[in-house]
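The stops below say what to select and what to look for.

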Amino acid sequence: MNVKTGKGAVDPRVRQDASVPSAESDVAAFLQKAKEIAPQPGSVGRLVFALDATMSRQPTWDQACQIQAEMFQEAGKISGLSIKLVYFRGFGECRASRWFSSGTELAQAMSRISCQGGRTQIRKVLSAALSAADTEKIAALVYVGDCMEEDVDALCDKAGQLGMLGVPMFLFQEGRDGVAERAFREMARLTNGAFCRFDSGSAQQLADLLKAVAVFASGGRTALQQLEKQGGKGATLLLQQLPSAR
């Protein structure tokens, strides 16, 4: 399965026509799946937030700097949230932060990071999540990116290990890179998580989804259902994709 692709490459096996599911239908499916995942005991409130910080991600990085504050605010209505930021960029650089319990502190840390050109390092992200899960139980791993330029089998091996630890992956893909989509969907499956594409420039759509995941990390499915009753679009989408409650 060693399939690789570069940013912007179009997989010839993916038809670029009306038969390709829209981002809206992907979001709907994502939210349906979310209702069936339950955080493992002792993990509530801790979320690993991973971002591709290569050059193509600059617009979404800027959006994420604003959205994460909303994530803390929404989760704070339940029981609070702690986020560990993991990002990669440039030539072989991948870093994991300490746990942040303040949106202001995380925003300050993110504002000091600039995107740099480079290849994806998703395997290092998964390794960082596994290290975090070894010391403290975590509710979920969120990953936001647009492509995949690595050995997909190696990524799936790491994802499978996260699945064994009860850590679901919520993968958000910007764009329609076919190779990345297949890899992301498989990692979501292996971890009993969820996958969703979002449109370039749809900051509100991404914000709704990430706030829903933050609520899930803080209070589980019950809190997500409550957010849906309050009109949370992201909660509705997430609940449509999560597997049945166990």
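**First stop: R89 and its surroundings**

Select R89 and show what surrounds it: leaving aside neighbours within four places in sequence, R89 is in contact (heavy atoms within 4.5 Å) with A53, T54, I113, S114, Q116 and Q121. This is a predicted model, in which local features need pLDDT of at least 70 and side-chain atom pairs count only at pLDDT 80 or more, while totals for chains, interfaces and linings use all residues. Residues are numbered from 1 along each chain as its sequence is written, and side-chain values use heavy atoms, with hydrogens and water left out.

R89 is part of strand β2, residues 82-89; strands here are DSSP runs of E with at least two residues, and helices are runs of H or I with at least four, numbered from the N terminus. Is R89 buried or exposed? R89 counts as buried because its relative accessibility is 12%; buried means under 20% relative accessible area, exposed over 50%, and partly exposed in between, with a 1.4 Å probe and protein chains only. Now display the backbone of S114: the side chain of R89 reaches its oxygen at 2.5 Å.

**Second stop: helix α3**

Select residues 103-111, which form helix α3, and colour G103, L106, A109 and M110, which are buried. These residues lie on the same side of α3, because they cover an arc of only 125 degrees around the axis (the arc of the directions from the helix axis to the C-beta atoms). An α-helix has 3.6 residues a turn, so residues three or four places apart point the same way. Turn to the other side of α3 to find T104 and S111, which are exposed.

Then select S102, which caps the N-terminal end of α3 with a side-chain oxygen 3.2 Å from the backbone nitrogen of T104.

Select residues 203-229, helix α7. Where does α7 bend? The bend is at G219 and is about 130 degrees, taken as the angle between axes fitted to the seven residues ending there and the seven starting there. The end C-alpha atoms of α7 are only 22 Å apart, whereas a straight helix of 27 residues would span 39 Å at 1.5 Å a residue. Just after α7, select G231, which has a positive phi of about 95 degrees.

**Last stop: the whole chain**

Zoom out to see 8 helices and 6 strands. Of the 246 residues, 56% count as buried.

Notes. Expected span 1.5 Å × (residues − 1). Polar contact = N/O pair within 3.5 Å; in protein donor to acceptor, adjacent residues only side chain to side chain.
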